[in-house]
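These are my notebook entries on a single protein chain.

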Amino acid sequence: MKRTTVKKAKEAVIKAGQNAYRDRKLKKRTFRSLWTVRLNAACREHGASYSVVISALKKAKITLDRKSLSELAIHHPEVFATILKEAGVATK
């Protein structure tokens, strides 16, 4: 009886390790998706779409990542609006 219990415990540890490895990759995808959704909502408030804003930022050589832009859009909307103006995106 003991042997099967230890065997099951080892299998559970291995499976937990597999899930943890997979979910560390999934976490990165999930957060990038969240930042994209937040940015899209913030961009629409300023009369532009997400893709237009990202393209304008690249052309203006503004190298802020999506995480930073998302945080600025939520916590500092006036700074986000200034960044959009610098990029040449039409604001309402």
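In which loop is K61 found? I located K61 in the loop between α2 and α3. Helices are DSSP runs of H or I with at least four residues, strands are runs of E with at least two, and both are numbered from the N terminus.

**Entry 1: ground rules.** I noted that this is a predicted model, in which local features need pLDDT of at least 70, side-chain atom pairs count only at pLDDT 80 or more, and totals for chains, interfaces and linings use all residues. Residues are numbered from 1 along each chain as its sequence is written, and side-chain values use heavy atoms, with hydrogens and water left out.

**Entry 2: K61, continued.** I looked up the backbone of K61, which comes just after α2 and has a positive phi of about 60 degrees. K61 is a residue other than glycine. I then checked its accessibility: K61 is exposed, with a relative accessible area of 71%. Here buried means under 20% relative accessible area, exposed means over 50%, and partly exposed lies in between (1.4 Å probe, protein chains only).

**Entry 3: the whole chain.** I counted four helices and zero strands in the protein chain, and the pattern along the sequence is α-α-α-α. The radius of gyration is 21 Å, well over the 12 Å that the globule rule gives for 92 residues, so the chain is more spread out than a compact globule. This radius is taken over C-alpha atoms, and the globule rule is 2.2 Å times the number of residues to the power 0.38. Along the principal axes, the C-alpha atoms fill a box of roughly 70 × 20 × 15 Å. I also recorded that buried residues make up 24% of the 92 residues.

Entry 4: Y50, in contrast, is listed with the buried residues of α2.

**Entry 5: helix α2.** I listed the buried residues of α2 (residues 50-59) as Y50, V53, I54, A56 and L57. They cover an arc of only 165 degrees around the axis, which puts them on the same side of α2. The arc is that of the directions from the helix axis to the C-beta atoms. On the face turned away from this buried side I found the exposed residues K58 and K59. A general rule belongs here: an α-helix has 3.6 residues a turn, so residues three or four places apart point the same way.

**Entry 6: helix α4.** Which residues of α4 are buried? I noted F80, A81, I83, L84 and A87. Their arc is only 160 degrees around the axis, which puts them on the same side of α4. The face turned away from the buried side carries the exposed residues E78, K85 and E86. Just after α4, G88 takes a positive phi of about 85 degrees.

**Entry 7: the largest core.** A nonpolar core is a set of buried Ala, Val, Leu, Ile, Met, Phe, Trp, Tyr and Cys residues joined through side-chain atoms within 4.5 Å. The largest one here has 17 residues, and V53, L57, L69, F80 and V89 have the most contacts inside it. The elements that give it two or more residues are α1 (2-45), α2, α3 (66-75) and α4 (77-87). The largest share, five residues, comes from α2.

**Entry 8: contacts of two residues.** Contact means heavy atoms within 4.5 Å. Not counting residues up to four places away in sequence, F80 touches L39, A42, C43, H46, L69, L72 and A73. I next looked up S49, in the loop between α1 and α2. S49 counts as buried at 19% relative accessibility. Leaving aside neighbours within four places in sequence, S49 is in contact with N40, C43 and R44.

**Entry 9: the aromatic pair.** I found one aromatic pair in the structure. F31 and W35 form it, at 6.0 Å centre to centre with 35 degrees between the planes, and the pair is tilted. Rings of Phe, Tyr and Trp (its six-membered ring) pair if their centres lie within 6.5 Å; planes under 30 degrees apart count as stacked, over 60 as edge-to-face and the rest as tilted. Being four residues apart in helix α1, F31 and W35 are separated by about one helical turn. F31 is partly exposed at 38% relative accessible area, whereas W35 is buried at 19%.
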